[in-house]
Amino acid sequence: MQEIRLALVGFGNVAQGFTQILAEHEEEYARKFDLRFLIVAIADPVRGSLLDPDGVDLGALLQASSQPGGINSLPGEHPDWDALQMIQSAPADALVELSFTNLTTGEPATTYLTEALRRNMNVITTNKGPIALHYDQLAALARLQDLHIGVEGTVMSGTPVLRVGRRLLSNAGIERIQGILNGTTNFILTQMETGQSYTQALQQAQAMGYAEADPAGDVEGFDAAAKVAILARLVLGENLPLAQIERTGITAITLEQVQAAAAAGNRWKLIGSLSYENGKFKGRVRPECLPISHPLAQVSGATNAICYSTHLLGDVTIIGPGAGRLQTGYAVLQDLIAFYCPECIG
């Protein structure tokens, strides 16, 4: 049985979802993959830090996360570590980096990932910032150290669009990628079809936890643009800086436009796309009025989808969750299994 020691940066929703999956399926994964994942260190700016080289009790960890005192109430050492100090000191084989997203500089997550690679740890992140902005330098360091970077959760959570695009469709001749890459904006546009104004739909999205108090990252297209940049680099091998991706959000879409589109048999969607134009791939994020027959027009609510247009297979559409506690936690798990039992993934 191979034991994999994990250090976690952050213990919010995604980390808790990942921990829940491990707690509920620990014996199953040990039997199927001959792997046992041990969480040996955690650093969270709100919940504190924890070190247990033998592995934290996962059930107790989940229970403590919602109790007064948080993880500091658990047995084990509680060094006064920040994330960087934990990476430099923890006896871990892999870092699971789950800090906040910064699409301006990619920090502090880029520094965390870089330091972990330098200390001979494989790394997994669901953080779009460092991958959209600094993937090449991280990948070069990983190659130099003979290590792995797992980033499946950066585009559509646990829905394996990167793995499918990179491994299964790479020889089919991908000519175009179109996607609904942001669940918040898709929810808002879906609600507008029921007669709500943009403002009403946004308020409902905020009340349901789909949109932040400051929704600009979603509604102005920044989140989707980062995912377009990641798809360009990892699926198409194109280095497409965020600044070169044309970006228009949904804030100018009116109820009248949505109703007129419906009357004509069309539907508005915020589409992130990569298309081959004038000898290179062009990245865009913008609202598009799609015919109701288009596969992406059928995707409603907070669900995400990608349509790969290929030379050999035609259109291949993948629909699934683009966010969520367990869903994104599953992306972390799949990356880990791909590292340590690659024949199990295929």
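Reader: What makes strand β2 largely enclosed by the rest of the structure?

Author: Buried means under 20% relative accessible area, exposed over 50%, and partly exposed lies in between (1.4 Å probe, protein chains only). Ten of the ten residues of β2 (residues 35-44) are buried, so the strand is largely enclosed by the rest of the structure. This is a predicted model: local features need pLDDT of at least 70, side-chain atom pairs count only at pLDDT 80 or more, and totals for chains, interfaces and linings use all residues. Residues are numbered from 1 along each chain as its sequence is written, and side-chain values use heavy atoms, with hydrogens and water left out.

Reader: How do you know where a strand or helix begins and ends?

Author: Both are DSSP runs, numbered from the N terminus: helices are H or I with at least four residues, strands are E with at least two.

Reader: Why are β1 and β2 called paired?

Author: Two strands pair if DSSP finds at least two bridges between them. Strand β1 (residues 2-9) and β2 have eight bridges, in the parallel sense. They therefore meet the rule. E3 stands opposite R36 in β2. The bridge partner of I4 is F37, also in β2.

Reader: Which hand does the crossover from β1 to β2 have?

Author: The β-α-β crossover is right-handed, and the chain passes through helix α1 (residues 13-33) on the way. The term means that, with the strands pointing away from the viewer, the path from the first strand over the helix to the second runs clockwise. α1 lies across β1 and β2 and runs at about 160° to β2. Such axes are lines fitted to C-alpha atoms, for helices over the stretch in contact, and angles run from 0 to 180 degrees between N-to-C directions.

Reader: How does β2 connect to β3?

Author: A hairpin joins them through three residues. β2 and β3 (residues 48-51) pair in the antiparallel sense over four bridges. D44 stands opposite G48 in β3.

Reader: What is the strand order of the sheet with β3 and β6 at its edges?

Author: The order is β3-β2-β1-β4-β5-β6, an open sheet of six strands with mixed pairing. The edge strands β3 and β6 each pair on one side only.

Reader: What makes α4 largely enclosed?

Author: Eight of the ten residues of α4 are buried, so the helix is largely enclosed by the rest of the structure. Among them are Y112, L113 and L117. The buried residues of α4 pack against elements including β1, β4 and α5; contact means heavy atoms within 4.5 Å. Just after α4, N120 takes a positive phi of about 70°.

Reader: Where does helix α5 bend?

Author: α5 (residues 128-145) bends by about 90° at H134. The bend is the angle between axes fitted to the seven residues ending there and the seven starting there. D146 follows α5, with a positive phi near 60°.

Reader: Why do β8 and β12 count as edges?

Author: Six strands form an open sheet in the order β8-β10-β9-β7-β11-β12, with mixed pairing. β8 (246-247) and β12 (314-320) each have a single partner strand, so one side of each is left without a neighbour in the sheet. β12 runs antiparallel to β11 (residues 304-310), joined by seven bridges. C307 stands opposite T317 in β12.
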